[in-house]
Amino acid sequence: MCGIIGITSNKTVSAAIINSLKKLEYRGYDSAGVATIYDGVIKEVKSEGRVENLEQNSLIKSLEGTVGIGHVRWATHGVPNSINAHPHSSSNVSVVHNGIIENSTILKKFLEGKGHVFKSQTDTEVIVHLISEHLKTKNILNSITTALKQLHGSYALGILFKDEPDLIIGARRGSPLAVGYGPNENYLGSDSYALKSMTNKITYLEDGEFCFIKKDQVSFYNEKGIKINKKVLELSSNQANYEKGDFKHFMAKEIEEQPVTISNGIKEYVDQLNNEINIYNFPWSIDDLNSIKLIGCGTAYHSCLMAKYWFEELTSLDVSIDIASEFRYRKNKFKKDCLYIFVSQSGETADTYAALDLCKQNKMKTCAVVNSVESSIARDSNFVLPIHCGPEIGVASTKAFLGQILILYILTLKFGYVKKDLSKKIYQNKIKDLKKLPKLIEKTLLMDNKIQNIVSDLNEAKGSMFLGRGFSYPIALEGALKLKELSYIHAEGYPAGEMKHGPLALIEEGMPVIVLAPRDSYYKKTISNMQEVIARGAKVLLITNKSKDEILSENLWETLEVETTNDDLLPFLITIPLQKLAYYSALQKGFDIDKPRNLAKSVTVE
Ligand code: F6R
C-alpha cells in the first residue's frame, strides 16, 4: 500500500522521481508528492489524485535539487487531499511513509506539548516532528535510532534532512523497502518494480533495519544502530513485461497472456517427456505430511479454496483453508505433520505475511506460492513455489489467479501420487491433460464479441449473483469479486445449492445471475438450482463447456461455452469469461480498469 521512491544523484531528480511514481501508482493513487532539498531548504510539491496531476502542477517544474523523495498514497489516516499527501515536512526533516503508526495519537500529544504544530490529519506527520525533536539534542544516527524505537506499528520510511543535501535514510518495519544502486546515484524504493527502470542491483531491508543512502555509498544498520553488511542481488529484467504494448489496459494484456503464463508454469514443474512432476529440493518427506493448511487474502484466498477441493478429491490429506486476517488472531492448533502454504501474488500482503510469521514462530513447515520471488513472503518461507506469471500490474488479479491454481493443482497431483492416492496411470493421464491446457485457454479467450453484447444489460443491474457447485464454487466467488472491484456492481458468489436457504429471497424480475455449470459431476444438480432462480425471474447467463449434448434448460438470457477438458481443469477455463465480463463491464462504464477506486495492488497494511 502506498509507494515510495527516493533518489540521490549528481543531477536534478524531480523528473526521475515522477517517472518512478507513475510506475508505483498501482500501489496507491489518491494523492502524490515530491520533496527535494535545494539551497539548504526542503521544498515539497503535492497534489490530490493521480501522479498526472502532480506532473501538471506548475510548481513541479521549478523543483530543483539532486536529492529527493516521492510518494503515492493510499489513504489510511486522513482523507485523500493534498495536505494529507506525503511527503510531510518540518523545517529540517521531510518524510514519506508506508504503513500505520499505531501510537500516533499519544506521540502527537507529547510533541504538541513540546510546541510542534501539525498541519495534516496523518499519522506520518508525527514521525517528522519526532525526528526533529530528537535532532535538537542528538546527531542524525542517534535521532533515527531513538525515534524508530518509539514508533509502534508498521512502516517503510524515506527521510530527508535539510542539512544533508546528499542523504536519504530508509527504514523498514513490516512494510517492504529496497535500495537500488546506479552510476553516480543510488535509490530507495518500496519495491524493486519502482527501481527496475533505473537498476537491477538491489538490496532488501529486513524488519528493524535502516540505511543511509548517499549518491556514491550506502550503509546499513540494525535496530540498535550498529553497522551491518548486506548482499546486493541482481534481478532478472524483462522490460516488456512492464509495458502495456498494444493493449488498452494492463488487465486486458494480463488476461490474454494466460496461455503463455500457464505454459511457462507447466514447463517449470512438469517433465514433458516422462509425464512426471518435479518439485526439486522439497525439504520434507511428502509421506510424513498428513494435513495441509492454505492461507491467503482476496483472490489468493479463492485459490486456496480451489486447492481444497482438489486436494480433498485427489489425495488423502486433511485440508483446511483460512483467510489470513482471521488466521493471524485466532487460537490456532499448530500441527507438526501439517504443511502451511501461503498464497500471494505480491508476496507482501501484510495479513498473509503475519500469518506466515506466526507459523514460523511456532516452528511449522512453511511453503510460499508467490509470483514475486523477491518478496518478503518468499524470502521468509522454508520453501518457495514460484508461479512464473511475470509482473501483474492491473490491480485486479487475473493471470496470477490462474498461475496460483496451476501450481496448487500440480502440487495436488504430486502429493496424490507420492501418497499412492492416485495410480500412475491416472496421475500421468492428468498430466497429459494438463499439458493441453494452454491451447484450450487460448481458444476460450476468443469470446469477446459475445461478452461485449451482454454487458450493457448487466450494467443496468443493481446487483448480481454468481452461482456454482463443487469445483465451480471457488470460481463463482472469484467472478463476483472481479465484477464488484472493477464495475462497482454488487455481486455475490454463492454455492448454488445454498440459495434456497436464504439468498433466493434476493431474486427478482430481471436480476442477472451468472451460473457456472460445466458438464462435470455437479452439472445436473447445478442446472436444477438454476431452474429455481429462473422460475423466480432471474436473467441467467449460463457458463458451461462445449458438448454434443444439448443444454438441459430453456429461458436462458445467454450461454457462453468454454472448451472441454477433464473435470479438474474446467475451473481454469470457466474463469476466463468471468474475467472478461468484469473487464468489459468496467470498460463500458468508463471506469479506471487498472486502478479501481479505493483499492491498491499490494496491501501492506492490515
Ligand atoms: C483481487 C485482488 C486481491 C488480492 C489480495 C491478495 O483481484 O487482487 O483480492 O488477491 O489483495 O493479494 P496478494 O495475492 O498479493 O497477497
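My entries on this predicted model follow.

**Ground rules.** I worked on a predicted model, where local features need pLDDT of at least 70, side-chain atom pairs count only at pLDDT 80 or more, and totals for chains, interfaces and linings use all residues. Residues are numbered from 1 along each chain as its sequence is written, and side-chain values use heavy atoms, with hydrogens and water left out.

Entry 1: Axes are lines fitted to C-alpha atoms, for helices over the stretch in contact, and angles run from 0 to 180 degrees between N-to-C directions. Helices (H or I, at least four residues) and strands (E, at least two) are DSSP runs, numbered from the N terminus.

I looked up helix α9 (residues 298-314) against α13. Their angle is about 25°, and their axes are 9 Å apart. The two helices are therefore roughly parallel (under 35 degrees; over 145 is roughly antiparallel, 65 to 115 roughly perpendicular, the rest oblique). I listed the residues in contact (heavy atoms within 4.5 Å). In α9 they include Met-306, Trp-310 and Phe-311. In α13 they include Leu-408, Leu-411 and Phe-415. By class, this contact has 13 nonpolar, six polar and no charged residues. Ala, Val, Leu, Ile, Met, Phe, Trp, Tyr, Cys and Pro count as nonpolar, Asp, Glu, Lys and Arg as charged, and the others, Gly among them, as polar.

**Entry 2: α16 and α18.** I turned to helix α16 (residues 473-487) and helix α18 (residues 570-589). They pack at about 15°, with axes 9 Å apart. That makes α16 and α18 roughly parallel, too. Among the residues that meet are Leu-483 and Leu-486 in α16, and Ile-574 and Leu-578 in α18. I counted classes here as well: nine nonpolar, four polar and two charged residues.

**Entry 3: aromatic rings.** How many aromatic pairs does the structure hold? I found 15. Rings of Phe, Tyr and Trp (its six-membered ring) pair if their centres lie within 6.5 Å; planes under 30 degrees apart are stacked, over 60 edge-to-face, and the rest tilted. One of the pairs is Phe-282 with Phe-415, edge-to-face, at 5.8 Å centre to centre and 70° between the planes. Phe-282 sits in the loop between β17 (276-277) and β18 (291-296), while Phe-415 is in helix α13 (residues 399-418). They are 133 residues apart, so I noted a link between distant parts of the chain. Phe-282 is buried at 15% relative accessibility, and Phe-415 is buried at 1%. Buried means under 20% relative accessible area, exposed over 50%, and partly exposed in between (1.4 Å probe, protein chains only).

**Entry 4: Thr-366.** Is Thr-366 buried or exposed? It is buried, with a relative accessible area of 0%. Thr-366 lies in strand β21 (residues 365-370). Its contacts, not counting residues up to four places away in sequence, include Trp-284, Tyr-340 and Phe-383.

**Entry 5: backbone notes.** I found a cis peptide bond between His-86 and Pro-87, with omega about 0°. Pro-87 is in the loop between β4 (67-73) and β5 (88-89). Lys-363 is not a glycine, yet has a positive phi of about 60°. I placed Lys-363 in the loop between α11 (350-361) and β21. At 65% relative accessibility, Lys-363 is exposed. Lys-420 has a positive phi near 65° and is exposed at 71%.
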